[in-house]
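Biologist: I am new to this structure and would like a close look at one part of it. Please take the metal site, and go through it step by step.

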Amino acid sequence: MTVLDELSGYEFEEVMEDVFRNLGYENVRQSDRGADVGRDILMEETVDGIRNAVVVECKHTDSVGRPVVQKLHSAVATYDYDGPKRGVVATTGHFTGPAKEYARNLQANGDPHEIELLDGDDLRTLADEIGLDLYNGRIEILCDETLRPYDPTRGVDAPVEVAFQDIENIHPDSLPGPEHWVVFEPFVRIRADIESVFETGAGLIHSIDQTDELVVQADGDGPRIPRSGIQRLVRTNLDAAVDLDESSFEETFDDLSVERFGQTETEYKEWSVDRLRRKHTTTVQYTGDNNVTYRKECEPNLSDISVQSIRPVYLPRVRSRLELGEYAYPYEYYAAGPSRLALEDGIRRCKQCGETDDSPYTYCENCGSVNCPDHTKTERLVGEPVCTGCAVTETFFYSTKYFYDEANLDQFRGEYEAMPIHRKALENKPLVAGTAAAAVLFVLFVLLTVGVV
Ligand SMILES: [Zn+2]
Ligand SMILES: [Zn+2]
């Protein structure tokens, strides 16, 4: 227990709070430090539908004797709680023989307030069991759950194929298989209860009684709240998390990496409490007995915020890449099974101008580019789409024509030469239409002039 031994008494209590929270105890909180009546952590458990109170005494000492157990026993007995109660003594060291005997006797005599003893060895076992590692004197998050990097019913290629369905002139079935990389990014979801009451001489002016939740991006760049779309993705899919099974994901992805959580669980907890405290701080306006209006800033106390659960999970960031002709198509997104949030869509984007609005994009088979309507033309000889980036052009009857290559241009030149003049004129439809309209107007003008109409 060398690492635990290096903790201060205060840090040991914090670690124990985290351990119990991870074990599934509810409403885990520190007792009021000012009035030390021999209890450090208060928490609850639900047994057969009945809520029990558990009072935990933390002893950061080599040896714990009978008086400590006895003192906690009477503290539990007098603890004001409407329901069954029991006690736990947790120590980094060991219990003396008389201490163990005292606890055993309580149980043997059917005492309503049993005391459970957890020594250093027990704590190490518990820490291992709940996936917590004792690291540099604090608890590091060890997370083995992730949101699904892809939907197994559709496969990992599906998001890229779906994006290509929006591209005209290309059949998704004809696409080559994309490459895929995945980075598992660390997140934590923190749930906390906030209970705050603000009173002045004029009485109660403000109160808070609610549960709040934070989704925190938890990589090495420090804790932060991600944008709302990412929060929603994590929040709504958390219950569908799966084991992070690297060897099975390695079969699907060309490359895979798992980012480390940047901070300890305790640090995320403290960060969240601070953030929630600021979030729930408001300025309240009230009228005093003297009919004077006051404004008061109501900031919850640290002890008003009780963290209920800290749930670590990985959110997969998938990057796919597909090559067509001379071009590469990247597509990057956060994945959660069938749901995803695009970060970069390099598919629905014009390769000539970079336009990414909702235009119908068209694939140019000649060079492999995807293009917006402005940069998509019709190949004059074969009548298929061709992009302005690769087309060979020439002007026929004052109108620019686009060709896959010089050979097609040459062939069309021959055809054009052989055309009668009225067919040649059709190469410039706007001009022809304009001429026709002008002719109608001219006839009308003539008729008007001579008085026929
Ligand atoms: Zn364009
Ligand atoms: Zn092209």
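**The zinc site**

Modeller: The site of the zinc ion (ligand 2) is tetrahedral, with angles of 103 to 116° among its four donor atoms. This is a predicted model, and the values below are computed from it. The protein donors are the SG atoms of C364, C367, C387 and C390, which lie 2.3 Å from the zinc ion. Along the sequence, these donor residues follow the spacing C-x2-C-x19-C-x2-C.

C364 counts as buried because its relative accessibility is 1%, and buried means under 20%. C390 has a relative accessible area of 22%, so this residue is partly exposed.

For orientation, here is some of the rest of the protein. The domain assignment gives domain 1 (9-138) and domain 2 (145-322). The centres of domain 1 and domain 2, taken over C-alpha atoms, are 32 Å apart. Contact between the two involves 11 residues of domain 1 and 12 residues of domain 2. About 970 Å² is buried between these domains, and carbon and sulfur atoms give 34% of that area.

Strands β16 (residues 282-287) and β17 (residues 293-298) pair in the antiparallel sense over six bridges, and T283 stands opposite E297 in β17. Five residues lie between the two strands, and N291 in this hairpin takes a positive phi near 65°.

Technical notes
Residues are numbered from 1 along each chain as its sequence is written. Chains are lettered from A and ligands numbered from 1 in the order in which they are written. This is a predicted model: local features need pLDDT of at least 70, side-chain atom pairs count only at pLDDT 80 or more; totals for chains, interfaces and linings use all residues. Side-chain values use heavy atoms; hydrogens and water are left out. Donors are N, O and S atoms within 2.8 Å of the metal (3.2 Å for Na, K and Ca); water is not among the atoms, so sites may look incomplete. Four donors count as tetrahedral if all angles lie between 85 and 135 degrees; four count as square planar and six as octahedral if opposite donors are over 155 degrees apart and all others between 65 and 115; anything else is irregular. Buried means under 20% relative accessible area, exposed over 50%, partly exposed in between (1.4 Å probe, protein chains only). Two strands pair if DSSP finds at least two bridges between them. Helices (H or I, at least four residues) and strands (E, at least two) are DSSP runs, numbered from the N terminus. Domain bounds come from an automatic or database domain assignment. Contact means heavy atoms within 4.5 Å. Buried area is the accessible area (1.4 Å probe) that two parts lose on being put together, summed over both.
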